[in-house]
Amino acid sequence: MSNAAIIAPQRAFGKGRLVAKAAVGRTRIAELYQEGCAKIRLPKTFDGSMEAVLINSSGGLTGGDRMAWKIEAGAATELTVTTQACEKIYKASAGTVDVTTRIDVAAGARVEWLPQETILFDRASLTRSLDVELDDGATFLGVEAVLLGRKAMGEAMQTGLFRDRWRIRVDGRLLHAENLTFADDIAALAARAAVLGDRVAFATLFYTGPDCELLLPRLRAQLETQAGAGVSHVQVGGRDKLVARFAAADGFSLRKILIPVISHLRKQTTVPKVWVL
């Protein structure tokens with residue numbers, strides 16, 4: 001019998017940080033840091049804004065993997081952050097994937113957090129958090145979309161764990177908080193009418209800025225004919241926010257609803273080029 005030691009499986013680790021500043025009429029790099037499998041690429045833009053593409057070079061995540069992103073937008077900057085591809089969360093033999101994102105937005109700056117979908121495979125285990133700190137006068141658009149397997153590939157998430165935590169503050173005051181947990185028999189939970197009604201694709205969209213009320217009528221008109229979609233307009237401590245929820249039969253159907261909404265909130269600018277419909 002072999003006495004060889006059992007070697008623990010290698011785990012993916014990545015840490016990326018981007019700090020943006022305004023200079024000579026454009027948004028430019030102040031700091032850029034990459035570690036492990038976290039990479040950040042900055043494709044050329046043709047206006048004064050910056051687009052950052054986050055990449056997980058490990059090709060997917062599983063139990064015990066860790067990713068940490070930090071984005072800082074200085075005063076008067078315009079920054080869009082997206083991902084090169086959908087993030088795939090594979091079956092976990094042990095442990096949980098941990099993904100954290102921290103975004104700081106200074107006064108007069110605008111940040112758009114537009115990652116592509118997260119795909120959860122059967123028996124995946126993911127804990128994720130999004131923490132956003134806004135100065136008064138900052139604008140933020142955030143979207144997170146999730147697929148419980150790829151329906152076109154005959155895949156479905158039957159069991160596993162998905163925890164998602166959002167905290168968004170303005171000058172240290174809480175503006176938005178939510179916690180979502182899917183655990184154990186996820187297929188049965190998603191089948192409930194009050195949850196997803198057997199849909200496997202869903203998304204949350206958040207927007208806060210000085211033009212919330214101006215954007216709301218058209219946003220509601222876009223969603224009034226869409227089953228499984230709705231938007232709320234809430235004011236907290238004098239600050240407006242829009243929160244929209246979406247549920248669809250599959251990822252393609254979800255994108256057909258999401259893309260026009262995102263374009264509207266981006267002043268008719270379409271989604272980043274790395275998104276492919």
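Asp 211 sits in the loop that links β15 (201-208) to α2, where helices (H or I, at least four residues) and strands (E, at least two) are DSSP runs numbered from the N terminus. With a relative accessibility of 14%, Asp 211 counts as buried; buried means under 20% relative accessible area, exposed over 50%, and partly exposed in between (1.4 Å probe, protein chains only). The model is a predicted one, in which local features need pLDDT of at least 70 and side-chain atom pairs count only at pLDDT 80 or more, while totals for chains, interfaces and linings use all residues. Residues are numbered from 1 along each chain as its sequence is written, and side-chain values use heavy atoms, with hydrogens and water left out.

Leu 265 leads on to a helix pair. Helix α2 (residues 212-223) packs against helix α3 (residues 251-265) at an angle of about 170 degrees, and their axes are 10 Å apart. Here axes are lines fitted to C-alpha atoms, for helices over the stretch in contact, and angles run from 0 to 180 degrees between N-to-C directions. The two helices, α2 and α3, are therefore roughly antiparallel to each other; angles under 35 degrees count as roughly parallel, over 145 as roughly antiparallel, 65 to 115 as roughly perpendicular and the rest as oblique. On the α2 side the contact is made by Leu 215, Arg 218, Leu 219, Gln 222 and Leu 223, and on the α3 side by Ile 257, Pro 260, Val 261, His 264 and Leu 265, contact meaning heavy atoms within 4.5 Å. Sorted by class, this contact of α2 with α3 has seven nonpolar, two polar and one charged residues. In this scheme Ala, Val, Leu, Ile, Met, Phe, Trp, Tyr, Cys and Pro count as nonpolar, Asp, Glu, Lys and Arg as charged, and the others, Gly among them, as polar.

Helix α3 also holds Ser 263, which is buried, with a relative accessible area of 11%. Leaving aside neighbours within four places in sequence, Ser 263 is in contact with Gln 268, Thr 269 and Thr 270.

Most residues other than glycine have a negative phi. Val 24, however, has a positive phi of about 55 degrees; this residue is found in the loop between β1 (13-23) and β2 (26-36) and counts as exposed at 77% relative accessibility. Arg 123 likewise is not a glycine and has a positive phi, of about 70 degrees. Its place is the loop between β10 (118-120) and β11 (125-134), and Arg 123 is partly exposed, with a relative accessible area of 44%.

Arg 123 is also touched by Gly 160, whose other contacts are Ala 124, Phe 182, Ala 183, Asp 184 and Ile 186, not counting residues up to four places away in sequence. Gly 160 belongs to strand β13 (residues 159-170).

For the protein as a whole, the secondary structure comes to three helices and 17 strands. Buried residues make up 48% of the 277 residues. Among contacts between residues at least 6 apart in sequence, 71% join residues at least 24 apart. Along its principal axes, the C-alpha trace spans about 70 × 45 × 35 Å.
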